[in-house]
Amino acid sequence: MSKREQSEQRRSGQFVASDEAALCVLLRYRRHSDSERDKHLLSATSATTAATAATTTIATVATAIAAGATSAVVKLRRRVQRQQRPQSTAFEMSNKNKELMNDIITNCKLKNGFGPGVQPAAATSPTKRPLSPDHPNPALPITETPSPAMNRMGWALRTILVVDNSSCLKDRKVSGKLIRKCAPGTELVDWLVNLAPIVHTRAQAAGMWQALLEEGVLTHVNKEQPFKDKCFLYRFRLDEEGGAPAAGIPQAEDLNAANEHIREALSALFQRGPDATLRMILRKPSHERTPEELELVFEELVHIAALSHLSTSIKRELSSIIVFEAHAQAGTILFNQGDEGRSWYILLKGSVDVVIHGKGTVATLKTGDDFGKLALINDAPRAATIVLKENNCHLLRVDKEHFNRILRDVEANTLRLQEHGKDVLVLERVAKQRGQHSAFKYTVMSGTPAKMLEHLLETRLGQTVSGMDPFLDDFLLTHIVFMPVVQLVDELANYFHCDAHEEAQTPEDREYIINFKKRVIQFMQKWVMAVRHAAFEEPSVCDFIEDLAAEVEADPDLNEEASIIHNVLTQMARYQEDRNQNAGQKWKLPTNGQPICLFSGNATPSKTVIRPDDDIIFRVYCADHTYCTLRFPMHTTAELIKACAADKLQLNRGPDDLCLVEVKSNGERSVFKDNDVSIPTGLTLNGRLFVSVKDHLDALTQLPEQECPTDGVDVDLEILSTKELAYHITIFEWDLFWAVHEYELLYHTFGRHHFGKITANLDVFLRRFNEVQYWIVTELVSTQSLSKRVGLVRKFIKLAAYCKEYQNLNAFFAIVMGLSNMAVTRLHQTWEKIPSKFRKIFQEFEALIDPSRNHRAYRVFVGKLQPPLIPFMPLLLKDMTFAHEGNKTSLDGLVNFEKMHMMAQTMRTIRFCRSRSLGLEPPSPKSEGEVRSYISSFRVIDNQRVLTAMSQKVEPTRKLN
């Protein structure tokens with residue numbers, strides 16, 4: 001084949017591509033009648049023999065737009081070719097090609113935000129169908145006017161952008177129209193990342209711009225797009241047509257004011273970014289939400305109280321269809337009494353009045369409440385009118401069709417096992433998720449304790465099952481809530497001895513019994529591995545293990561399980577040996593506010609666990625501040641303590657007339673329940689224990705020394721190495737964290753009195769967090785010299801950085817929260833002298849501990865870490881409390897195992913953090929002994945009123961002229 005023929009063939013191929021692309025474009029954008037479409041298609045087809053250069057260009061653009069053209073397009077093209085007329089002149093063909101090219105380019109520009117804001121009525125491409133009120137437009141603001149803070153921030157950012165000649169904010173002429181001072185989203189993101197050290201990722205910067213866009217400070221030029229890190233054009237509200245004139249360069253004083261404002265307020269915008277991003281996702285149609293966005297929404301729904309009773313599968317379904325909507329004006333009627341029930345609402349922000357005809361306002365619902373679900377479930381009219389009580393109310397909405405579909409889907413995937421006509425086990429089909437594989441088709445949602453144990457033994461244990469299964473682990477970690485240890489052991493013994501009353505057994509029966517015995521033995525091994533020494537604290541467990549060992553030795557069919565039972569016996573022997581070595585361990589609660597320590601004087605026990613039968617020595621006061629000293633085991637109840645204290649203090653009242661009370665340093669009183677335990681370890685930093693007549697609680701006052709600092713080693717902090725401080729703080733707190741058992745989180749959440757179990761180790765670890773936090777504040781407000789205070793702030797910021805590096809996030813949070821205490825933040829003279837480098841670092845730390853969206857910044861950060869690490873324990877307890885209070889423990893007489901799974905997830909976090917031993921490389925020792933002594937007991941004042949007064953004394957409030 002000659003070169004000329006090859007060239008002709010290539011050109012022919014280009015023409016064919018051009019034909020199909022042109023046809024597709026005309027079908028998608030022109031939307032004419034059939035006759036008109038045929039006419040244009042004939043024109044487009046006849047134009048294919050035009051000049052090579054023009055046609056090749058059209059082919060390139062049109063083919064990209066028409067990728068994936070349907071078979072209908074191909075058929076139509078063939079029909080057009082059959083009807084092809086004689087070719088037009090070269091001039092006519094050129095004009096038609098130009099028209100087609102203009103149509104394609106215009107549509108591309110309109111789609112990407114580069115075209116004119118308002119399309120002419122005769123445009124060949126139709127405008128995008130506007131979203132209905134039921135489908136909010138994520139490109140539009142959620143407020144009628146921007147808030148003053150966001151307006152000011154927008155002004156500051158725009159001022160800096162306008163002054164910077166090399167910035168992305170420029171006048172652009174697009175399609176013959178001048179768009180004043182606009183910029184592509186990608187360049188705005190680049191600029192903000194370079195401007196602010198606290199912004200580490202492009203997603204964070206995009207979220208900050210979206211926060212401005214959702215209040216109308218920034219807009220897409222055609223108001224068709226939310227903020228995206230793409231080449232869409234955006235501009236500030238001031239530069240829109242009809243806005244303030246943008247001519248002229250801002251003055252020097254404006255630039256200085258803008259820079260100063262950004263330094264002070266940019267962190268606030270940074271914190272608003274994640275919430276703005278979430279709201280933008282929730283306003284997008286379901287089919288436009290990416291898997292990553294769906295996961296983000298799901299994580300948010302997990303922590304909404306109104307949804308807590310729903311299963312995980314339902315929450316995942318909701319994440320794709322739940323919608324955000326905002327209402328700017330108070331007085332807006334959301335729906336009227338008698339209307340058809342179309343949606344279920346959850347209040348995210350604001351409040352609404354519930355109004356009933358003839359009764360008026362009967363209730364006011366606030367943030368976190370939900371309404372409207374009853375009408376959906378019963379398919380009944382609205383029972384009341386809902387009126388917005390505040391401006392700028394934010395709601396989540398679930399529409400009826402989606403609500404009913406989800407309930408149908410869930411029920412279709414639910415399997416119910418019944419005995420005697422009642423449900424005993426409810427299973428749900430495991431949804432297949434990308435990148436995950438489950439060996440089990442169903443997961444347990446609820447059931448009776450005995451039936452769940454039977455299902456576990458039959459399906460999760462045996463030779464054919466390997467690996468870690470959530471159901472088995474969840475059961476082992478949480479069974480004490482619904483199945484006490486004694487009951488569990490009895491059930492296991494019944495399964496193990498199921499052949500005791502059977503005389504004749506077939507080989508099949510014998511095989512089944514042996515397999516079940518093996519599964520019971522495997523269960524015991526898994527139990528001991530999961531909860532460690534806690535499994536041996538109940539005597540019935542030790543007796544059952546010895547019984548199993550004897551059976552294994554006597555039954556040759558169980559020889560394979562000999563190594564398993566031997567391992568369990570070895571761990572039990574170690575536990576008993578350790579318990580005997582530490583028998584008679586004695587603790588004391590110092591009278592000067594210091595933390596609990598061994599009576600021997602060792603204030604820094606290395607991984608010493610506080611046990612229920614350990615003795616503790618402490619004081620109990622009465623209203624006149626006289627006291628008695630008592631010694632009791634840790635598990636002693638408040639009822640016994642108050643009776644003994646009343647007898648020693650000669651109160652001469654009956655037990656029913658008395659109560660045991662903690663009086664805190666600020667004068668607050670907290671009454672203990674009679675069946676509560678771990679009383680001395682549960683006191684606050686400077687709290688004291690009182691016994692009082694119930695009617696005379698108001699007469700109780702704090703001791704004078706409670707407002708003074710607790711006793712500690714007096715050391716000049718300036719001479720201590722910051723890294724050495726962080727190292728020894730981490731070692732000390734790791735030992736405290738190591739002593740906390742996962743069960744203590746359950747005892748703390750459900751109440752120690754329900755189990756009769758102590759939480760002493762958890763109490764000591766939580767007290768340490770408060771001790772570090774208030775130590776920071778106490779040291780700063782006690783320092784009179786301004787220069788020394790500046791040095792201390794710098795040292796504490798560096799200390800937080802080292803704790804973060806050592807992955808001691810509990811201490812990191814405590815230090816940053818101490819620096820954020822209002823008694824410290826008001827020290828303006830001190831903060832003004834802090835170098836900008838340290839202030840920026842501190843802003844980053846504040847962003848990391850930001851509580852918005854359920855501490856998402858921290859959760860994302862800690863999710864990337866590997867053990868060992870010390871987590872922020874108060875947040876884990878918050879997760880446990882949320883799961884407990886937001887979900888019933890029992891549903892229709894069955895254990896709500898979905899709740900148990902949520903709690904076990906948090907308990908597994910602790911296990912993960914300690915899955916590797918701590919092996920930090922110690923820094924060069926300078927004053928090791930002094931540092932260890934100092935960090936074990938800080939000087940602390942925890943009375944906020946006293947701390948604020950001390951802060952006012954070192955830096956009096958400036959008087960404005």
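Tutor: Contact means heavy atoms within 4.5 Å, while helices (H or I, at least four residues) and strands (E, at least two) are DSSP runs, numbered from the N terminus. This is a predicted model, in which local features need pLDDT of at least 70, side-chain atom pairs count only at pLDDT 80 or more, and totals for chains, interfaces and linings use all residues. Residues are numbered from 1 along each chain as its sequence is written, and side-chain values use heavy atoms, with hydrogens and water left out.

Student: Which strands does helix 13 lie across?

Tutor: Helix 13 (residues 400-412) lies across strand 7 and strand 12 (393-399), running at about 55 degrees to strand 12; axes are lines fitted to C-alpha atoms, for helices over the stretch in contact, and angles run from 0 to 180 degrees between N-to-C directions.

Student: What makes strand 7 and strand 10 a pair?

Tutor: Two strands pair if DSSP finds at least two bridges between them; two bridges join strand 7 (residues 343-349) to strand 10, so these antiparallel strands meet the criterion.

Student: Why are strand 5 and strand 10 at the edges?

Tutor: The open sheet has four strands in the order 5-12-7-10, with antiparallel pairing. Strand 5 (323-327) and strand 10 (370-371) each have a single partner strand, so one side of each lacks a neighbour in the sheet.
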